[in-house]
Amino acid sequence: MQDTLTTKDIIKPENLVYSKTKLLTDTPLSYCPGCGHGTANRLVMEVIDEMGIQSQTIGIAPVGCSVLAYNFMNIDMIQAAHGRAPAVATAVKRVFPDKYVFTYQGDGDLAAIGTSETIHACNRGENITIVFINNGIYGMTGGQMAPTTLPNMKASTCPYGRDVEIMGHPLKITELVAQLPGTYYVTRQAVHTPAAVRKAKKAIRKAIENQKLKKGLSFVEIVSNCNSGWKMTPNDSNKWMEENMFPEYPMGDIKVPSEI
Amino acid sequence: MAKIKGAIVVDIEKCKGCEVCVISCPTHVISMTKDVNGKGYHYAYMENPDSCTGCTNCAIVCPDGVISVYKIKVDA
């Protein structure tokens, strides 16, 4: 019998084990081919789908590549001014303390123009979740240097590489906010391999579930590639990310609540 | 011995041909077509459908979520 088993026999609705979650709309993602943003969007939506909190979740996306998230995420979304997503999330969470509120921000947004909002929201210990996509570059505007750009890494505004003497060192904002007493759970993940994706999904789920405890802010950094900005193919950029980004931004939990 | 057989379905018009699924497949099932879709991208397809185990690695790593995975148990 198995000799006659064709692909058509396998592809039946009852044999489906994985497909895109319904909480991602059918709009084709506008991200570049191979960009980690798409995976991160899907992970957040999968977690919300599995927790069954679609109608109780409010997402906030500010400016950057993350700006179009409201086109893809089939939940209530608010568009914030550049860098101000944690401030908007603070307001939403204080008005609706029982809703799940998350922000979805990039590094040019969260670590540059929005540094003050980020640090103060973390310091106040707002019960929100911040999903931070770090690709070390301003992807949407054409690959300019970001605060998280690595030393000697080339970008369109530092064509000879980032000179730390003049331009300063990469800002490790995740380690920075882990120092603050207001944060409850701080972690750094990636989405470039299946194993990393599975771990990142668990971290995002924990970060959103933490909102029920009302113990403080949960912060998930996702180190991602920007193959267009880095001028590489997607697989080359993932390899480059492993070799260069991970030593500077090591994977793993940075602050874990002591009771779990 | 029971054997697991899998298959994938690719949403051709949404695939952007990034090839992240190709290196994520442990049994080297996927490769890119010579044809292009409406956007001009080479899209993923099953080159060796017999090797697919339905592990879902390709689908969970796909940035555009275009892959659906099907799996069936066959008694050999």
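This is a predicted model: local features need pLDDT of at least 70, side-chain atom pairs count only at pLDDT 80 or more; totals for chains, interfaces and linings use all residues.
Visitor: Why is A:Lys214 called partly exposed?

Guide: Its relative accessibility is 44%. Buried means under 20% and exposed means over 50%, so A:Lys214 falls in between and counts as partly exposed. You can find A:Lys214 in the loop between helix 9 (194–209) and strand 9 (217–223) of chain A. Look at its backbone too: A:Lys214 has a positive phi of about 55° although it is not a glycine.

Visitor: And what makes A:Lys231 count as exposed?

Guide: A:Lys231 has a relative accessibility of 68%. The cut-off for exposed is over 50%, therefore A:Lys231 counts as exposed. A:Lys231 sits in the loop between helix 10 (227–230) and helix 11 (234–248) of chain A. Its phi is positive as well, at about 60°, and A:Lys231 is not a glycine.

Visitor: Let's turn to the two chains together. How do you know that strand 1 of chain A and strand 4 of chain B pair?

Guide: Pairing needs at least two bridges, and strand 1 (residues 16–18) of chain A has two bridges to strand 4 (residues 67–75) of chain B, so they count as paired. The sense is antiparallel. In strand 4 of chain B, A:Leu16 has B:Tyr70 as its bridge partner, while A:Tyr18 stands opposite B:Val69.

Visitor: Which strand of chain B is joined to strand 4 of chain B?

Guide: That is strand 1 (residues 2–10) of chain B, which runs antiparallel to strand 4 of chain B and is joined to it by nine bridges. With at least two required, these strands therefore pair. One place to look is B:Ala2, which stands opposite B:Asp75.

Visitor: Why is the link between B:Lys14 and A:Asp26 called a salt bridge?

Guide: The closest N and O atoms are 4.0 Å apart. The rule asks for a Lys or Arg side-chain nitrogen within 4 Å of a carboxyl oxygen of Asp or Glu, so this pair counts. Across the interface of chain B and chain A the rule finds one salt bridge. There are also 10 residue pairs in polar contact between the chains, both residues at pLDDT 80 or more.

Visitor: How many residues take part in the contact?

Guide: Chain B brings 36 residues and chain A brings 35. The area buried between them is about 2700 Å², with 63% from carbon and sulfur atoms. B:Ile60, B:Pro63 and B:Tyr70 supply 23% of the area that chain B buries against chain A, more than any other three residues.

Technical notes
Residues are numbered from 1 along each chain as its sequence is written. Chains are lettered from A and ligands numbered from 1 in the order in which they are written. Side-chain values use heavy atoms; hydrogens and water are left out. Helices (H or I, at least four residues) and strands (E, at least two) are DSSP runs, numbered from the N terminus. Buried means under 20% relative accessible area, exposed over 50%, partly exposed in between (1.4 Å probe, protein chains only). Contact means heavy atoms within 4.5 Å. Buried area is the accessible area (1.4 Å probe) that two parts lose on being put together, summed over both. A polar contact is a pair of N or O atoms within 3.5 Å; within protein, one must be able to donate a hydrogen and the other to accept it, and residues adjacent in sequence count only if both atoms are side-chain atoms.
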